[in-house]
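Visitor: I am new to this structure. Please show it to me before we talk.

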Amino acid sequence: FFRSVSVPGSGFMADPGEIVGRLEAFCVESDALKRSVWRWVRERQAIVHALLQADLGAEQSLEHYAMFQAFGAFLEQQMEQFLTTEGITTAQAAAALQSLPRTIQQQLLSMDLVGAALDYQDFVQFLREYADVYRQDPDEESDLPLLSFAR
């Protein structure tokens with residue numbers, strides 16, 4: 001899903017706006033997704049802490065980069081599972097997201113998640129926001145938002 005950059009000639013079974021709306025609703029409202037992401041980060045708490053202390057201007061450790069890649073694979077699985085359930089192809093979802101003006105894309109949580117899966121800097125920013133929430137209440141899972149960050 002995340003590697004779908006160009007989808008020439010893909011036809012939509014649904015309106016692109018409807019696809020984006022369903023994807024965004026999943027990212028914002030899905031308790032299952034929120035809990036899965038929260039658990040994923042918490043299970044890697046020690047390495048997350050080390051990564052957040054690292055100088056991003058310096059060369060990153062293989063362990064940190066491997067975590068970034070693992071997060072991308074984890075999030076891709078979550079998104080693909082949702083898309084399959086909704087009857088939306090990955091090509092349709094990618095084309096729908098890409099059809100939006102950049103200013104709209106920057107406001108979508110779904111694009112933040114895609115960014116965190118594709119870009120190391122966005123991934124670290126995503127983890128920083130999670131770390132801030134975690135410091136406030138390390139046991140809270142119930143009303144945890146999936147965090148959006150400014151690019």
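Guide: F123 is buried, with a relative accessible area of 0%. Buried means under 20% relative accessible area, exposed over 50%, and partly exposed in between, with a 1.4 Å probe and protein chains only. This is a predicted model in which local features need pLDDT of at least 70 and side-chain atom pairs count only at pLDDT 80 or more, while totals for chains, interfaces and linings use all residues. Residues are numbered from 1 along each chain as its sequence is written, and side-chain values use heavy atoms, with hydrogens and water left out.

Visitor: How many helices and strands does the chain have?
Guide: Helices (H or I, at least four residues) and strands (E, at least two) are DSSP runs, numbered from the N terminus. Along the sequence the pattern reads α-α-α-α-α-α-α-α. The count is 8 helices and 0 strands.

Visitor: What percentage of the 151 residues in the chain is buried?
Guide: The accessible surface of the chain is about 8,000 Å², with 51% belonging to carbon and sulfur atoms; such areas come from the Shrake-Rupley method with a 1.4 Å probe, and for residues only the protein chains shown count as cover. Of the 151 residues, the buried share is 44%.

Visitor: Which residues form the aromatic cluster?
Guide: The structure holds 11 aromatic pairs. Rings of Phe, Tyr and Trp (its six-membered ring) pair if their centres lie within 6.5 Å; planes under 30 degrees apart count as stacked, over 60 as edge-to-face and the rest as tilted. One cluster is formed by W40, Y65, F68, F71, F74, Y120, F123 and F126.

Visitor: What kind of aromatic pair do F68 and F123 form?
Guide: F68 counts as buried because its relative accessible area is 6%. F68 and F123 lie 5.5 Å apart centre to centre, with 55° between the planes, and the pair is tilted. This pair links distant parts of the chain, F68 in helix α4 and F123 in helix α8, 55 residues apart. With 55° between the planes, the name for the pair is tilted.

Visitor: Is Q60 buried or exposed?
Guide: Q60 sits in the loop between α3 (45-53) and α4 (62-86). The side chain of Q60 reaches the backbone oxygen of D55 at 2.9 Å. Because its relative accessibility is 18%, Q60 counts as buried.

Visitor: Which residues are exposed on the other side of α3?
Guide: In α3, the buried residues are I47, V48, L51 and L52. They cover an arc of only 135° around the axis, so they lie on the same side of α3; the arc is that of the directions from the helix axis to the C-beta atoms. On the other side, the exposed residues are A46, H49 and Q53.

Note on methods
A polar contact is a pair of N or O atoms within 3.5 Å; within protein, one must be able to donate a hydrogen and the other to accept it, and residues adjacent in sequence count only if both atoms are side-chain atoms.
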